[in-house]
Amino acid sequence: MNWKEFLKVKRNQVEFIITLLLLSIILTALTTFLNFVEARHGVVLPDPVLNFFNPTDLTWLTFALIYISIVVGIATLAKDPTRLLFTIQLYILMVAVRILAMYLLPLDPPAKIIILKDPLVEFFGTGQTLTKDLFFSGHTATLFILFLTSEKKTIKQIFLISTILVAFSVLLQHVHYTIDVVAAPFFTYACYKLLKKIKSY
(Lines give C-alpha, C1' and ligand atoms only; values in the text may rest on other atoms or scores of the structure.)
Protein backbone atom coordinates (compact mmCIF):
# COMPACT_ATOMS: atom_id res chain seq x y z
CA MET A 1 0.00 0.00 0.00
CA ASN A 2 1.43 3.39 -0.99
CA TRP A 3 0.94 6.66 0.90
CA LYS A 4 -1.92 7.85 -1.30
CA GLU A 5 -3.93 4.68 -0.67
CA PHE A 6 -2.93 4.63 3.00
CA LEU A 7 -4.09 8.19 3.67
CA LYS A 8 -7.41 7.66 1.90
CA VAL A 9 -8.50 5.58 4.90
CA LYS A 10 -9.70 7.78 7.77
CA ARG A 11 -8.65 5.24 10.39
CA ASN A 12 -5.09 5.27 9.05
CA GLN A 13 -4.95 9.06 9.23
CA VAL A 14 -6.12 9.07 12.84
CA GLU A 15 -3.78 6.25 13.85
CA PHE A 16 -0.79 7.93 12.22
CA ILE A 17 -1.48 11.27 13.95
CA ILE A 18 -1.98 9.57 17.33
CA THR A 19 1.22 7.57 16.83
CA LEU A 20 3.25 10.72 16.14
CA LEU A 21 1.75 12.38 19.22
CA LEU A 22 2.62 9.35 21.33
CA LEU A 23 6.16 9.39 19.93
CA SER A 24 6.55 13.02 20.96
CA ILE A 25 5.17 12.27 24.43
CA ILE A 26 7.35 9.20 25.03
CA LEU A 27 10.53 10.97 23.89
CA THR A 28 9.76 13.92 26.17
CA ALA A 29 9.06 11.53 29.03
CA LEU A 30 12.30 9.66 28.30
CA THR A 31 14.35 12.87 28.43
CA THR A 32 12.83 13.81 31.79
CA PHE A 33 13.24 10.28 33.13
CA LEU A 34 16.89 10.02 32.07
CA ASN A 35 17.67 13.22 33.96
CA PHE A 36 16.09 11.58 37.03
CA VAL A 37 18.07 8.38 36.47
CA GLU A 38 21.33 10.26 36.06
CA ALA A 39 20.87 11.91 39.47
CA ARG A 40 19.84 8.67 41.19
CA HIS A 41 22.22 6.36 43.04
CA GLY A 42 22.42 2.85 41.67
CA VAL A 43 24.48 -0.30 42.12
CA VAL A 44 27.55 -1.49 40.25
CA LEU A 45 27.01 -5.02 38.97
CA PRO A 46 29.79 -7.61 38.98
CA ASP A 47 30.44 -8.50 35.35
CA PRO A 48 32.94 -11.30 34.65
CA VAL A 49 32.76 -10.67 30.89
CA LEU A 50 33.86 -7.02 31.19
CA ASN A 51 36.66 -8.09 33.52
CA PHE A 52 38.29 -10.02 30.68
CA PHE A 53 39.35 -6.89 28.76
CA ASN A 54 40.16 -3.23 29.18
CA PRO A 55 37.76 -0.76 27.53
CA THR A 56 38.34 0.57 24.01
CA ASP A 57 36.85 3.80 22.72
CA LEU A 58 34.58 2.86 19.79
CA THR A 59 32.30 5.91 19.98
CA TRP A 60 32.56 6.89 16.32
CA LEU A 61 32.06 3.34 15.06
CA THR A 62 29.02 2.90 17.31
CA PHE A 63 27.29 6.08 16.22
CA ALA A 64 28.24 5.64 12.57
CA LEU A 65 26.49 2.26 12.61
CA ILE A 66 23.48 3.67 14.47
CA TYR A 67 22.97 6.77 12.32
CA ILE A 68 23.56 5.00 9.01
CA SER A 69 21.16 2.23 10.04
CA ILE A 70 18.47 4.72 11.05
CA VAL A 71 18.79 6.64 7.77
CA VAL A 72 18.63 3.42 5.75
CA GLY A 73 15.72 2.22 7.91
CA ILE A 74 13.69 5.38 7.40
CA ALA A 75 14.46 5.41 3.66
CA THR A 76 13.29 1.83 3.18
CA LEU A 77 10.35 1.87 5.59
CA ALA A 78 9.02 5.17 4.21
CA LYS A 79 7.99 3.32 1.07
CA ASP A 80 5.52 1.26 3.12
CA PRO A 81 3.42 3.46 5.45
CA THR A 82 1.84 0.47 7.22
CA ARG A 83 5.24 -0.99 8.07
CA LEU A 84 6.63 2.42 9.03
CA LEU A 85 3.68 3.02 11.35
CA PHE A 86 4.20 -0.36 13.00
CA THR A 87 7.93 0.37 13.46
CA ILE A 88 7.26 3.70 15.16
CA GLN A 89 4.69 2.07 17.43
CA LEU A 90 7.13 -0.71 18.28
CA TYR A 91 9.77 1.88 19.16
CA ILE A 92 7.29 3.70 21.43
CA LEU A 93 6.42 0.46 23.21
CA MET A 94 10.10 -0.49 23.58
CA VAL A 95 10.95 2.89 25.09
CA ALA A 96 8.04 2.63 27.54
CA VAL A 97 9.19 -0.83 28.63
CA ARG A 98 12.76 0.39 28.90
CA ILE A 99 11.71 3.28 31.15
CA LEU A 100 9.96 0.79 33.43
CA ALA A 101 12.98 -1.55 33.40
CA MET A 102 15.40 1.25 34.29
CA TYR A 103 13.11 2.46 37.06
CA LEU A 104 12.96 -1.01 38.60
CA LEU A 105 16.71 -1.64 38.25
CA PRO A 106 18.76 1.41 39.28
CA LEU A 107 22.35 0.93 38.14
CA ASP A 108 25.58 2.86 38.16
CA PRO A 109 27.81 2.42 35.11
CA PRO A 110 30.64 -0.12 34.91
CA ALA A 111 33.74 1.02 36.80
CA LYS A 112 35.96 1.34 33.69
CA ILE A 113 33.42 2.97 31.39
CA ILE A 114 34.64 5.15 28.54
CA ILE A 115 31.73 7.53 28.23
CA LEU A 116 29.80 7.23 24.97
CA LYS A 117 29.36 10.81 23.74
CA ASP A 118 26.92 11.34 20.90
CA PRO A 119 28.86 13.29 18.21
CA LEU A 120 25.76 15.26 17.11
CA VAL A 121 24.83 16.17 20.68
CA GLU A 122 28.40 17.25 21.34
CA PHE A 123 28.58 19.24 18.08
CA PHE A 124 25.36 21.16 18.66
CA GLY A 125 26.00 21.45 22.40
CA THR A 126 22.64 20.14 23.55
CA GLY A 127 21.81 17.79 26.38
CA GLN A 128 24.10 16.10 28.87
CA THR A 129 26.22 13.00 28.54
CA LEU A 130 24.38 10.05 30.03
CA THR A 131 26.00 7.12 31.82
CA LYS A 132 23.15 5.47 33.74
CA ASP A 133 20.62 4.67 30.99
CA LEU A 134 21.71 1.07 31.25
CA PHE A 135 19.13 -1.71 31.48
CA PHE A 136 18.42 -2.53 28.78
CA SER A 137 20.60 -1.22 25.92
CA GLY A 138 18.58 1.26 23.88
CA HIS A 139 21.09 1.32 21.02
CA THR A 140 20.96 -2.44 20.63
CA ALA A 141 17.17 -2.50 20.94
CA THR A 142 16.64 0.24 18.35
CA LEU A 143 18.72 -1.50 15.70
CA PHE A 144 17.04 -4.81 16.50
CA ILE A 145 13.67 -3.14 15.85
CA LEU A 146 14.87 -2.25 12.34
CA PHE A 147 15.88 -5.87 11.84
CA LEU A 148 12.47 -7.14 12.99
CA THR A 149 10.39 -4.75 10.90
CA SER A 150 12.36 -4.73 7.65
CA GLU A 151 11.01 -6.86 4.85
CA LYS A 152 13.85 -7.34 2.36
CA LYS A 153 16.28 -10.13 3.25
CA THR A 154 19.44 -8.15 2.41
CA ILE A 155 18.35 -5.15 4.48
CA LYS A 156 17.41 -7.42 7.39
CA GLN A 157 20.87 -9.00 7.27
CA ILE A 158 22.52 -5.57 7.30
CA PHE A 159 20.48 -4.51 10.34
CA LEU A 160 21.25 -7.77 12.15
CA ILE A 161 24.98 -7.30 11.55
CA SER A 162 24.72 -3.67 12.71
CA THR A 163 22.88 -4.79 15.86
CA ILE A 164 25.58 -7.33 16.69
CA LEU A 165 28.42 -4.87 15.99
CA VAL A 166 26.86 -2.15 18.14
CA ALA A 167 26.22 -4.68 20.92
CA PHE A 168 29.88 -5.69 20.92
CA SER A 169 31.02 -2.07 20.63
CA VAL A 170 29.17 -0.85 23.72
CA LEU A 171 30.52 -3.85 25.64
CA LEU A 172 34.09 -3.28 24.47
CA GLN A 173 33.75 0.34 25.58
CA HIS A 174 32.29 -0.77 28.95
CA VAL A 175 29.30 1.50 28.32
CA HIS A 176 26.90 -1.31 29.27
CA TYR A 177 26.92 -4.41 31.39
CA THR A 178 26.68 -7.70 29.52
CA ILE A 179 23.14 -8.27 30.83
CA ASP A 180 22.04 -4.90 29.36
CA VAL A 181 23.06 -5.97 25.87
CA VAL A 182 21.95 -9.60 26.09
CA ALA A 183 18.52 -8.62 27.42
CA ALA A 184 17.82 -5.97 24.76
CA PRO A 185 16.81 -8.30 21.89
CA PHE A 186 14.60 -10.40 24.19
CA PHE A 187 12.70 -7.37 25.51
CA THR A 188 12.42 -5.96 21.99
CA TYR A 189 11.13 -9.22 20.54
CA ALA A 190 8.58 -9.50 23.37
CA CYS A 191 7.36 -5.98 22.51
CA TYR A 192 7.22 -6.98 18.84
CA LYS A 193 5.05 -10.03 19.54
CA LEU A 194 2.80 -8.07 21.91
CA LEU A 195 2.24 -5.28 19.40
CA LYS A 196 1.46 -7.74 16.62
CA LYS A 197 -1.09 -9.42 18.89
CA ILE A 198 -2.67 -6.08 19.80
CA LYS A 199 -2.91 -4.97 16.16
CA SER A 200 -4.41 -8.27 15.06
CA TYR A 201 -7.58 -7.56 17.03
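How do the residues of the lining of the largest cavity divide into nonpolar, polar and charged?

1. The model under review is predicted. The lining of its largest cavity comprises seven nonpolar, two polar and two charged residues.

2. The structure contains one cavity of 30 Å³ or more. The space in the largest cavity amounts to about 50 Å³. Its lining is made up of V37, R40, H41, G42, M102, L105, P106, L107, K132, L134 and F135.

3. On the surface, a nonpolar patch is formed by V14, I18, L22 and I25. Together these residues present about 340 Å² of accessible area.

4. One member of that patch, L22, belongs to helix 2, which spans residues 10-39. L22 has a relative accessible area of 42% and is therefore classed as partly exposed, since that class lies between the limits of 20% and 50%.

5. Is V166 buried or exposed? This residue is located in helix 7, which covers residues 153-172. The relative accessibility of V166 is 0%, so V166 counts as buried; the cut-off for that class is under 20% relative accessible area.

6. Along the chain, V166 and A111 are 55 residues apart. The separation between the C-alpha atoms of V166 and A111 is 20 Å.

Conventions. Residues are numbered from 1 along each chain as its sequence is written. This is a predicted model: local features need pLDDT of at least 70, side-chain atom pairs count only at pLDDT 80 or more; totals for chains, interfaces and linings use all residues. Side-chain values use heavy atoms; hydrogens and water are left out. On a 1 Å grid over the protein atoms alone, a cavity is a set of points where a 1.4 Å probe fits but cannot get out, and a pocket is an open set with protein on both sides within 12 Å along at least five of seven lines; lining residues have an atom within 4 Å of a point. Grid points are joined across faces, edges and corners, and a volume is the space filled by probe spheres set on the points. Ala, Val, Leu, Ile, Met, Phe, Trp, Tyr, Cys and Pro count as nonpolar, Asp, Glu, Lys and Arg as charged, and the others, Gly among them, as polar. Patches are made of residues with over 30% relative accessible area and no salt bridge: like charges are joined within 9 Å, nonpolar side chains (Val, Leu, Ile, Met, Phe, Trp, Tyr) within 5 Å. Accessible areas come from the Shrake-Rupley method with a 1.4 Å probe; for residues, only the protein chains shown count as cover. A salt bridge is a side-chain nitrogen of Lys or Arg within 4 Å of a carboxyl oxygen of Asp or Glu. Helices (H or I, at least four residues) and strands (E, at least two) are DSSP runs, numbered from the N terminus. Buried means under 20% relative accessible area, exposed over 50%, partly exposed in between (1.4 Å probe, protein chains only).
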